[in-house]
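Here's a quick briefing to read alongside the model. Have the sequence and the 3D view open as you go.

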Amino acid sequence: MIRFPGKFARLALGLLLLLPASAQTRRDPLNPLEQDQLRDAAQEPADRLKLYIQFSRARLSSLEQMRADPKVTDRPQQTRDRLQDFLDVYDELNDNIDTFVGRKADLRKPLKAIIEADTEFQARLRALKSSADANKDEARQYDFLLTSVVETVDSSVQDHRQLLSEQEEAFKHKKK
Amino acid sequence: MRTQLTIAAVLLATCLAFAGRQETLQELMARCESAKVEDRPALCVEIAERQLKSADELYTAGKVDEARSALKDVVAYSEKAHDAAIQTGKRVKNTEIEFRKMAAKLRDIKRTVNFDDQEPLQAAADRMESLRTDLLTHMFKGK
C-alpha cells in the first residue's frame, strides 16, 4: 500500500474540507417521505405540483425560522444552504411543469395555485433581501444566490402566467 | 412559365419545411463541432438538454443501456459547454443556470428508477454541480 507522508495527508484533508459543499456530492433536497409522496403522485399533475408548492413553501419557512432564532451561530452559511434547498425544489417544480406540458396535461388549476404561491414567494424573498441589504457583511456569503433565487422566481411567474393563458386558450377550443 | 412557377413553389415549400423543422441531434452535434467557440456553450447546452430528455424517456421505457448512453452525452456536452464558456467568458451565467436545472432534472429522474440505475444519475448530477460551482467561481473571479 502506498503511504503518504503525514504532512501531505494533512494538507490533502485540509484542501478537501475547504472544498465548497456544493462541489462535493450534493444531498437530495427532498427527504425520503417527500420523495415517497411524489412517487405516489407521479401520474397526477395537480397533486404532484401541489406537493412541490408545499415543499418549496416549507423550505422558505424553515429559512425564516432559522433566521429568527437568536441561538443560530452560522446564520450566513445556513441561509445559503436553505436558499439552495428552496431553489432546488423550485427548479424541480418548473421541470415537472415542463414535463406535464409535454404530455399535454391540463394544468389550469395547478397553475393558478402556483402563480399564487409565486406571488407569496416573491414577497417573502423580497423581505429577506431587505434584511440582507441591512446587513451587508453577513449577506456577502449568500447575496449572489439570493439574487439568483429572486430572478428565478420573477421570471418563472411570468412563464407560469403565460402558460396559463396559453392553456386557457387551448382548452377553450378543445371544449367546443 | 407554368413549369418555372411549379419549380419555384416546390423550392419555396422545401425551404419552408426545412426552416420549420427541428434540427436532428446529429445535425446539431455536427454544427456544434464546427461552430465558433463563443457559439458553443448554447449549442452544447441544447444537445445536453435534448439528451437529458431522451434519457428520461428511455429510462421510462426500460431501455436502460440506451438511457445510460444518452446520460454520457449529457455530461460530455455539459463539459464542452463549460469549457467554451470559461474560454470565452460568454454565456457563463446562462450556462450555470441551465446546469442547475439539469441537475434538478437528474435528481428527479433518479428517484423514479431502480436502485441499481441510481448511481450513474447521481454521478451525473454531481458532475453538473461541480461544473456549476466552477462557473460560479469563474464569475466571482471576474468581479
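Within chain B, helix α1 (residues 2–20) has the lowest mean pLDDT of the elements, 63, while α4(B) has the highest, 97. pLDDT is the predictor's confidence in each residue, from 0 to 100, and helices here are DSSP runs (H or I, at least four residues), numbered from the N terminus. This is a predicted model, in which local features need pLDDT of at least 70 and side-chain atom pairs count only at pLDDT 80 or more, whereas totals for chains, interfaces and linings use all residues. Residues are numbered from 1 along each chain as its sequence is written, with chains lettered from A and ligands numbered from 1 in the order in which they are written.

**Confidence**

- Chain B averages a pLDDT of 89, and 85% of its residues score at least 70.
- For chain A the mean pLDDT is 86, with 84% of residues at 70 or more.
- For the complex, the predictor gives an ipTM of 0.70 and a pTM of 0.78.

- In chain B, the axes of helix α4 (residues 64–88) and helix α5 (residues 92–110) come within 10 Å and cross at roughly 160 degrees. Axes are lines fitted to C-alpha atoms, for helices over the stretch in contact, with angles from 0 to 180 degrees between N-to-C directions.
- α4(B) and α5(B) are therefore roughly antiparallel (angles over 145 degrees count as that, and 65 to 115 as roughly perpendicular).
- On the α4(B) side, B:V74, B:S78, B:A81, B:H82 and B:A85 meet B:V92, B:T95, B:F99 and B:M102 of α5(B).
- That contact has six nonpolar, three polar and no charged residues. Nonpolar covers Ala, Val, Leu, Ile, Met, Phe, Trp, Tyr, Cys and Pro; charged covers Asp, Glu, Lys and Arg; the others, Gly among them, are polar.
- In chain A, α3(A) packs with helix α4 (residues 75–102) at about 170 degrees, their axes 9 Å apart, so this pair is roughly antiparallel too.
- The α3(A) and α4(A) contact splits into 14 nonpolar, five polar and seven charged residues.

**Where the chains meet**

- The axes of α4(A) and α5(B) come within 9 Å and cross at roughly 80 degrees, which makes α4(A) roughly perpendicular to α5(B).
- Here A:D88, A:D91, A:E92 and A:D95 meet B:R100, B:K101, B:A104, B:K105 and B:D108.

Technical notes:
Helix = DSSP H or I, 4+ residues; strand = E, 2+ residues; numbered from the N terminus. Parallel < 35°, antiparallel > 145°, perpendicular 65-115°, else oblique. Contact = placed C-beta atoms within 7 Å.
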